[in-house]
Amino acid sequence: MIDIRNLRKRFGAQEVLKGVSFTAQTGDVVSLIGASGSGKSTLLRCMNMLEVPDSGQVLIAGEEVALKTNRHGQTVLADPPQVDRMRTRLGMVFQSFNLWPHMTVLENLIEVPIRVLRQPRGEAIALAEALLAKVGMAEKRHSYPAFLSGGQQQRVAIARALATRPSVMLFDEPTSALDPELVGEVLKVIRDLAQDGCTMVLVTHEMAFARDVSSKVMFLHQGCIEEAGTARQVFENPGSERCRQFVNAQF
Ligand code: ADP
Ligand code: MG
């Protein structure tokens, strides 16, 4: 489902991804852990081309994102409409919830399905209502985001990402901006998705959660995957001393 090959990305003089490769099968839950600044967000952003990698390949469900080199020697998208299409197959959830403030919860969910995917309105609303029920937000469908707690907004953001029926969900520290008492309700939604077989890549500092839900854990250090394996291997018996120290400091 996900095949990342030798991704490199630099910002100015700083090489942030130094040749990252990994694969994930349908239903895999891949957790990405590592210190702040190690390149976790950049890796997720390169997967959906919010950042264009300098080199390497991104394949989602067997389809490779087409890149080319322009006359200035920069790597750019070769086929922007292809990327628009692929982005609807990658649901992205950020630390900051990013709901559209001038739209109700329901309108947030149906906007892209109707305007971009050209789904019939009735169909989009039916799916949106089912997704809101799934994340426990059906009763708030006519509320505006400002009237919701952070945990509720993030649950809506997850439902919105699911509304395009993505094949892969990408989560970038989805609970880091939440008050501690609201973290659990969001983790529960993500856990339910994992149990439903949703393929996902999750950046998180919630180590106990990552240990429970992940089929694969990757420890990123200075732009390289320094350790990768099952949750058990990475958390209990890492080969890398740096990974061991990082993990021990988190628990
Ligand atoms: P993480 O998510 O692991 O904290 P990031 O991927 O956000 O790490 O960042 C990795 C490094 O790349 C950091 O040093 C950060 O300052 C730098 N960086 C990230 N995005 C940009 C950008 N758009 N421009 C310049 N530097 C960036
Ligand atoms: Mg980050």
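## The ligand site

A residue is near a molecule or strand if its C-beta atom, placed from the backbone, lies within 6 Å of it. By that rule, ligand 1 is surrounded by Phe11, Val16, Gly34, Ser36, Gly37, Ser38, Gly39, Lys40, Ser41 and Thr42. Sorted by class, this shell holds two nonpolar, seven polar and one charged residues. Here Ala, Val, Leu, Ile, Met, Phe, Trp, Tyr, Cys and Pro count as nonpolar, Asp, Glu, Lys and Arg as charged, and the others, Gly among them, as polar. Helix H1 (residues 40-47) gives the largest share of the shell, three residues. Helices (H or I, at least four residues) and strands (E, at least two) are DSSP runs, numbered from the N terminus.

This is a predicted model: local features need pLDDT of at least 70, side-chain atom pairs count only at pLDDT 80 or more, and totals for chains, interfaces and linings use all residues. Residues are numbered from 1 along each chain as its sequence is written, while chains are lettered from A and ligands numbered from 1 in the order in which they are written.

## The four-strand sheet

Strands of a sheet pair through backbone hydrogen bonds, either parallel or antiparallel. Two strands count as paired if DSSP finds at least two bridges between them. One open sheet has four strands in the order S2-S1-S4-S5, with antiparallel pairing. Its edge strands are strand S2 (14-24) and strand S5 (63-64), and each pairs on one side only. Helix H1 packs on this sheet and touches strand S1 (2-11), S2 and S4. The direction of H1 makes about 60° with that of S2. Such angles run from 0 to 180 degrees between N-to-C directions, and axes are lines fitted to C-alpha atoms, for helices over the stretch in contact. Two residues are in contact if their C-beta atoms, placed from the backbone, lie within 7 Å.

Now go strand by strand. Eight bridges link S1 and S2, and Asp3 stands opposite Thr23 in S2. These two strands form a hairpin with two residues between them. In the turn, Gly12 has a positive phi of about 60°. S1 also pairs with S4, over five bridges. Ile4 has Val58 in S4 as its bridge partner. Strand S4 (residues 55-60) and S5 share two bridges, and Leu59 stands opposite Glu64 in S5.

## The six-strand sheet

A second open sheet runs S8-S9-S10-S3-S11-S12, with mixed pairing. Strand S8 (90-93) and S12 stand at the edges. Each has a single partner strand, so one side of each is left without a neighbour in the sheet. The twist averages 15° from one strand to the next.

S11 and S12 run antiparallel and are joined by five bridges. His221 stands opposite Cys224 in S12. Gln222 sits in the loop between strand S11 (216-221) and strand S12 (224-229). Its phi is near 45°, a positive value in a residue other than glycine.

## Loop residues

How exposed is Gln222? With 15 C-beta neighbours inside 10 Å, Gln222 counts as partly exposed. A residue is buried if 20 or more other C-beta atoms lie within 10 Å of its own, exposed if 12 or fewer, and partly exposed in between. Arg118 is exposed, because it has 8 other C-beta atoms within 10 Å. Arg118 lies in the loop between helix H3 (105-115) and helix H4 (121-134). Its phi is positive, about 55°, although Arg118 is not a glycine.

His205 lies in the loop between strand S10 (199-203) and helix H7 (207-213). His205 is partly exposed, with 13 C-beta neighbours inside 10 Å. Leaving aside its neighbours within four places in sequence, His205 is in contact with Glu173, Ser176 and Gln250.
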